[in-house]
Amino acid sequence: MTDQTLSNLLHEERRFEPPAELAANANVKEEAYDRAASDREAFWAEQAERLDWGQKWDRVLDWDDPPFAKWFVGGTINAAYNCVDRHVEAGRGDKVALHWVGEPEGDTRDITYAQLQDDVCRAANALLELGVSKGDRVAIYLPMIPETVVAMLACARIGAPHTVVFGGFSADALANRVADCEARVIITADGGYRRGAPSALKPAVDEAVGKAASQGQRVEKVLVVRRTGQEVAWDDTRDVWWHDVVDGQSAEHTAEPHDSEHPLYVMYTSGTTGKPKGILHTTGGYLVGTSYTHWSVFDLKPETDVYWCTADVGWVTGHSYMVYGPLANGVTQVVYEGTPDSPHKGRWWEIIEKYGVTIFYTAPTAIRTFMKWGSDIPAKFDLSSVRLLGSVGEPINPEAYIWYRETIGASQAPVVDTWWQTETGQIMISPLPGVTHGKPGSAMKALPGVGADVVDDDGNAVPNGSGGYLVLTEPWPAMLRTLWGDDQRFRDTYWARYQAKGFYFAGDGAKKDEDGDLWMLGRVDDVMNVSGHRLSTTEIESALVSHPRVAEAAVVGAADETTGQAVCAFVILRESATDDTGAVSEDLVQELRNHVAKEIGAIAKPRQIMIVPELPKTRSGKIMRRLLKDVAEHRDVGDVTTLADSTVMDLISNRLTSGQ
Ligand code: WT7
C-alpha cells in the first residue's frame, strides 16, 4: 500500500452505528471487553461451556513453556460429536445443516444434522476399515461437495488429523504436503464442476502419489468420491470408490473424546521461504475459539439465521467458518460448489434469495469483482433477508465496503471486517456488530479475550495516529500450536522477533487511528496476498528457477484493482534462451507462466513476467524487491543508494521501455 492510499484511508470519516434492533438483541454487549480483560482465562473458560466435553479440563491455559501453549488441559472432547451428534441428541436432527448447491443448476442436496451424523459415522467406520488409526494423517483433496465436510468430520471423529489441500493446487504441491505430514491415505474425487465444466482431480492425485513416493512417502489408499463421472485411471491395489466402502458401513459409531490438545488438522500456508508451513491446530481450544467468534462476530441466532461463507474448504476460512465454527453452533448454512459467474453473474445473489441467507461472509476481491460487473446484477434479486455482512482475507478498501453495505446490505446491514490468519485459527480483530460502530476500511479492535497491539521495532506500543507492526500480546485458544515437525521454525517465524515481550509477530503492518482503532496495511514480509490467498514470493521464485531456461528470478506483489495484489516476476534467462538478437519470444513467457501453474497451482501464475538483464541487489546480495515493486506499479524508482550496482535499475528500465 502506498503512503498516498494510506493517508486517503485515514481520512475516511464515514461512521455507521449498529442498527438499534441488532444492538438491543446483540449476543455480545460492550461489557464483554472489560470482563474478558479482567480475567482472560475465566472468560475463555466460560466460552468453553458452550461445548460438550467428555472430561472437563483441570487448567484453562498452560503457558509455562512459551511459545508452546496448551488450552483446557486435561479435558477431553470430540469435535465431530460437538459439530453433529449433540445437535441430534438435543432434538434438532431434522434441522438442515447444509443446503448444498452444486454448480450445475438444479444439482442441490439438503442435508439434515441427523443425515450428517449417519454420513459421518459411515465414513468414520470406512476409514477405520481402510486401516486409518487415531493419530494417522489423512490428506483431503476434494471439491466443495458434502463428502468433503463428511470426510473432515470423520477424520476428526476418529482422531486422525486431516490436511485439506485446496483443489486448485498442483500435483507437486499436493505431493509435498502429503510427504511433509506423512499421510498414507488421500481422499479425493474424480473431479468437480468449475465454470460449467467438469474439472479433473484424480490425475493430479495419481501423479502426486508417485512424487510422494520419491520423497519416501508411500500412499497406501486413495478413496475416490464419484462426482462428475469422468473417466479415471484406476489402481486396483490402491484406489477404492467412496460409494463402495462408505455407503455399506454401519451408521453407528461411538465418538470417543480425544485429549483437548489432540491434533485436529494441519493446514499448509505460504511463508517467507520456499517450503510451505504446516500450521497445526488442536481440538479443544480451536473449537472454543471458532465457535465463540462465529457466534459473537456474526451475532449468530442459530434458530433463525441462514449463514453462508463463500470460502473454499481448502483454506482456513473454510475450516473455521464453514465447518467447525458454524457446525459446532448448530446453524443452517449454504455450501456452494462453483464459481460466482456460472452459469450467470448473478448466481450468488440467486442463492441468497432462494435460501433466505441472513449472514453472508466473503472476501474483498469478490466484492470488487461484483462492483466491476455492476450493481444492476444483484438488484435483480431479493436480498432483503441479509442482515449482516462479513469480509475477510485482505484489507477492504472503503469503496468496496460502501458498495457491499449499500448494494448487498440495503444500507442497513453492518459490515464486519474480520482480521485473522491461518495461524490464529479464529477471528482476532473485528467489530462486534451490536457494539462497535463501523468505519469503512478498519477492522476496529481486538475481540473480547484477545490481545492485539501495534508496536515499533523494539516492541513498544505506538501512540494513536501512528503505524507499526501488528502483534498479538496474549495467547488465545485457537492459536497454532507449532509448525508440523518444525518447532524451531515455529519459534523463529512468530516469536523470536519480540521474544523479550512474549508477543506473537503477525507479519502485518497496521496503524492506530486517533481513536485507537486498527487499520490493517498488509504484509510486511515476502508474502503476497492475491485474492485473499497467501502466496510466497520465494516459493514462486524457486518455481521459476526450476525451469531450465531461467537463471534467476525475483517476484513481487504489485497492487491490482481486483485481486488486491498480483504476482509480477522479473526473470533473468540463461544465455541460451535468447535468440541471436537477444529477443525473447512471447511463447517463452507463456511457458514460464504455465510452469509456475504446474509447480504450485493456477493461483500462483504470474500476471506479468518481465525478462530483465539484471536484478537489483544490495551489497550483501539481497534482492531489493521494493525497487522492483516500484517498476511493477509504474512508479518512479525510489532510493537506489544501497544497491551494489546503482546502474542496474537503468538497465532494467531501458530493457522494459524498449519492449524487451
Ligand atoms: C493474512 C492471513 C484469515 C483467513 C484468510 C486469509 C491478511 C486477512 C484481513 C483483514 C486485512 C487481512 C493479513 C493476514 N488478512 N484478513 N480483514 N484485513 N488483512 O488467511 O492466508 O492465513 O492470510 O491475510 O495480511 O496476515 P491467510
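**View 1. An open sheet of 4 strands runs in the order S21-S22-S24-S25, with antiparallel pairing.** Strands are DSSP E runs of at least two residues, and helices are H or I runs of at least four, numbered from the N terminus. Two strands pair when DSSP finds at least two bridges between them. The model is predicted: local features need pLDDT of at least 70, side-chain atom pairs need 80 or more, and totals for chains, interfaces and linings use all residues. Residues are numbered from 1 along each chain as its sequence is written. S21 (452-455) and S25 (518-523) are the edge strands, each pairing on one side only.

**View 2. S21 meets S22 (residues 467-472) through 4 bridges.** The two strands run antiparallel. Val 455 has Tyr 469 of S22 as its bridge partner.

**View 3. Arg 194 is one of the residues that UniProt lists under "binding site" in an unreviewed entry.** Such annotations may be inferred rather than shown by experiment. Arg 194 sits in strand S9 (residues 191-194). Beyond four places in sequence, Arg 194 touches Glu 103, Ser 199, Gly 338 and Thr 339; contact means C-beta atoms within 7 Å.

**View 4. Ser 531, also in the UniProt "binding site" list, lies in the loop between S26 (527-530) and S27 (533-536).** Ser 531 counts as buried, with 20 C-beta neighbours inside 10 Å. Leaving aside neighbours within four places in sequence, Ser 531 contacts Thr 365, Thr 563 and Gly 564.

Definitions and conventions. Two residues are in contact if their C-beta atoms, placed from the backbone, lie within 7 Å. A residue is buried if 20 or more other C-beta atoms lie within 10 Å of its own, exposed if 12 or fewer, and partly exposed in between; C-beta atoms are placed from the backbone.
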